[in-house]
Amino acid sequence: MDRRQFLRKACLGSVAAHCYFSSSPLRFKFNTAHAAQNKTLIVVFQRGGCDGLNTVIPYTEEDYYRMRPTIAIAAPDSTNPNAALALNSQFALHPALAELVPYYQQGQLAVLPTVHYPDGSRSHFRSQHLIESGQISNEASDGWLNRHMQAVPFDSPFRAVGVGDELAQALRGSVTASSFTSLDSFGVGINSSEQNLLLERVKPSFEQNPTGSTVRDLLNRFGQKTFQDLDYIDAVRSQPYQVENGATYPDSDFGRDLQQVAQLVKANTGLELATLDIGGWDTHSNQGGAQGRQASSLSNFAQGIAALAQDLGPLMDDVVIMSATEFGRTAHENGSQGTDHGYASSWFVLGNQVDGGIKGAWPGLADDQLHDGRFLAMTTDYRDIYYQVLSQHLNTPNAGQILPEFNPSSLNLFKT
């Protein structure tokens, strides 16, 4: 195969793993490392637009039950297993999110019921792109997390990873980030002895100094990053992973993805940023209430995040898990007992250093309080969450510069 084919094969690795590359210092010997500032951020994106009103339920609002005659979640009631789980005298969680309630009670879970951005798009692709870019302009070409890496240089082979079929927009940019679907299957798609022979023969070609040719420079850089990733992943997976603290990950792709992130955190690979996705949120029909499509997705979501936090144990002192989604759903259920693309939705931030509780003003659900008369209104700009994570957790100097044309509010997500 020619070099382009090799790089594609090496990056995709039996179609089960791939890498996204840019410039990076290169090393080939595995050494443990710590993330910049010893902090790690794990971002879970709920792709498809999660219905926030059935996630964080405003159970004292009569309009909520009026607008959702078949899919509303019953108000908290200890005798009803399908009832919402009270957080305070105004809000409750969907019963499928039971695993998250203890973290809220311990003050480690911030719940933000009304997150979006001004003039928000109801296009999945545009809204995802804007939110992951950390801007509200289509001109954004790199992600907010990559801009953080540009602002805070740090040499680590696994500083940033995306788990999934494609690298998230949040990590795209001029600083290297790696991506894979499975640590176990990461490779060039052949057995280990053949792989070692192939790499031994082609590696010298990629260790040559850059020549000034754009194509050759890219081949050199990408090839060396592939070798580096193979070395480090081999070192990580050479030691059987042990889930700790009684954690049980859900038997799902999401659960397996989270466990791989935990493995990288515990292996001291220098992991600072990790992104992963969970789908199943585009509930135009048959959404269900306490049971059904959304409930199943919420259960997978909550079980996975709770397992990750439990597995990491005291490491959660330096780890923050944040969830995001591109938009919420219509306040009224539709004729198919589902909901359509909307506006504000619920986001979560979890960690031992998080200042837990309900965050953000509540706009109300009366017809004249809805955005455009149809959607839950936004009271928290998602960039305020990013600003808090950047400035208070990742310790990004001049964090505001990562979020162009944005003035942060007084939102507080972390303990002082």
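**Close-up views of the predicted model**

**View 1. Ring pairs tie Tyr117, Trp144, Trp347, Tyr382 and Tyr386 into a cluster.** Rings of Phe, Tyr and Trp (its six-membered ring) pair if their centres lie within 6.5 Å; planes under 30 degrees apart are stacked, over 60 edge-to-face, and the rest tilted. Nine aromatic pairs turn up in a search of the whole structure. This is a predicted model, so local features need pLDDT of at least 70 and side-chain atom pairs count only at pLDDT 80 or more, while totals for chains, interfaces and linings use all residues. Residues are numbered from 1 along each chain as its sequence is written, and side-chain values use heavy atoms, with hydrogens and water left out.

**View 2. Tyr64 and Tyr65 make an edge-to-face pair.** Their ring centres are 4.8 Å apart and the planes sit at 80 degrees. Tyr64 is buried, at 0% relative accessible area, whereas Tyr65 is partly exposed at 27%. (Buried means under 20% relative accessible area, exposed over 50%, and partly exposed in between, with a 1.4 Å probe and protein chains only.)

**View 3. Trp281 and Phe301 pair up edge-to-face.** Here the centres are 6.3 Å apart, with 90 degrees between the planes. The pair links distant parts of the chain, 20 residues apart: Trp281 is in the loop between β8 (273-278) and α9, and Phe301 is in helix α9. Both partners are tucked away: Trp281 is buried at 1% relative accessible area, and Phe301 is buried at 0%. Helices (H or I, at least four residues) and strands (E, at least two) are DSSP runs, numbered from the N terminus.

**View 4. Leu100, Phe301, Ile321 and Leu350 touch the most other members of the largest nonpolar core, which has 63 residues.** Helix α9 (residues 293-312) gives the most to this core, nine residues in total. Such a core is a set of buried Ala, Val, Leu, Ile, Met, Phe, Trp, Tyr and Cys residues joined through side-chain atoms within 4.5 Å. Leaving aside residues up to four places away in sequence, Leu100 touches Leu93, Leu109, Phe301, Ala302, Ile305, Ala306 and Leu350; contact means heavy atoms within 4.5 Å. A second, separate core of 37 residues includes Leu41, Leu112, Leu130 and Ala399.

**View 5. Helix α9 is mostly covered, with 15 of its 20 residues buried.** From first C-alpha to last it reaches 29 Å, close to the 28 Å expected at 1.5 Å a residue (that is, 1.5 Å times one less than the number of residues). Gly313 follows α9 and has a positive phi, near 55 degrees.

**View 6. Lys266 and Glu244 meet in a salt bridge, 2.8 Å from N to O.** The definition asks for a side-chain nitrogen of Lys or Arg within 4 Å of a carboxyl oxygen of Asp or Glu. Lys266 belongs to helix α8 (residues 253-266), and Glu244 to the loop between α7 (214-237) and α8, 22 residues apart. Lys266 is partly exposed at 22%, as is Glu244 at 40%.

View 7. Arg256 is partly exposed at 41%, while Asp253 is exposed at 56%.
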